[in-house]
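Here is a short briefing to read with the model open beside you.

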Amino acid sequence: MATTRGELFAGVTVAIVTPFRNGEVDWDDLGKLVEWHCEQGTDALAPCGTTGESPTLTHDENERVVAFVCEKARGRTKIMAGTGSNSTPSSEAASLIASS
């Protein structure tokens, strides 16, 4: 039986924050957040989501954060990449990258 969209992301999805230190993404703390959520059984993580990062991250940072979270989670939780932007073409491009 095929999974419906509603079933795909059922449960608790956390819009995970992107921690910064000295103006740069704090990869160590981001990794700790991902590990914690995986250990706690969080159903899905939404990096670069609704916590305000879309206007503050560069396109490269957004791609790197999503890739990092996916790599750290290693299939232990679902990932719903935040690809919102104030620019429709930018959002479309980020969505294509995130889906690959």
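Which helices each supply at least two residues of the lining of the largest pocket? They are helix 3 and helix 4 (88-98). Please keep in mind that this is a predicted model, in which local features need pLDDT of at least 70, side-chain atom pairs count only at pLDDT 80 or more, and totals for chains, interfaces and linings use all residues. Residues are numbered from 1 along each chain as its sequence is written, and side-chain values use heavy atoms, with hydrogens and water left out.

**The largest pocket**

- The space in the largest pocket comes to about 220 Å³. A pocket here is an open set of points on a 1 Å grid over the protein atoms alone, where a 1.4 Å probe fits and protein lies on both sides within 12 Å along at least five of seven lines; lining residues have an atom within 4 Å of a point. Grid points are joined across faces, edges and corners, and the volume is the space filled by probe spheres set on the points.
- Sixteen residues line this pocket, and His-59, Asn-62, Ser-85, Ser-90 and Ala-94 are the ones nearest its centre.
- Helix 4 gives the most to the lining, with five residues. Helices (H or I, at least four residues) and strands (E, at least two) are DSSP runs, numbered from the N terminus.
- By type, the lining has five nonpolar, 10 polar and one charged residue. Ala, Val, Leu, Ile, Met, Phe, Trp, Tyr, Cys and Pro count as nonpolar, Asp, Glu, Lys and Arg as charged, and the others, Gly among them, as polar.

- An open sheet is formed by three strands in the order 1-4-5, with parallel pairing. Its edge strands, strand 1 (13-14) and strand 5 (78-79), each pair on one side only. Two strands pair if DSSP finds at least two bridges between them.
- Strand 1 is joined to strand 4 (residues 44-45) by two bridges, and Thr-13 has Ala-44 as its bridge partner.

**The nonpolar core**

- The largest nonpolar core has 13 residues, and those touching the most other members include Ile-16, Leu-30, Val-34 and Leu-45. Such a core is a set of buried Ala, Val, Leu, Ile, Met, Phe, Trp, Tyr and Cys residues joined through side-chain atoms within 4.5 Å.
- Helix 2 (27-40) and helix 3 (59-73) each supply at least two residues of this core, and helix 3 gives the most, with five.
- Among the contacts of Leu-45 beyond four places in sequence are Thr-13, Val-34, His-37 and Val-69; contact means heavy atoms within 4.5 Å.

**Single residues to look at**

- His-37 lies in helix 2 and counts as buried at 10% relative accessibility. Buried means under 20% relative accessible area, exposed over 50%, and partly exposed in between (1.4 Å probe, protein chains only).
- Asn-22, in the loop between strand 2 (20-21) and strand 3 (24-25), has a positive phi of about 55 degrees although it is not a glycine. Asn-22 is exposed, with a relative accessible area of 76%.
- Arg-74, in the loop between helix 3 and strand 5, also has a positive phi, of about 45 degrees, and is exposed at 56%.
- Phe-9 sits in the loop between helix 1 (5-8) and strand 1 and is partly exposed, at 28%. Not counting residues up to four places away in sequence, Phe-9 touches Ala-44, Lys-78, Ile-79 and Met-80.
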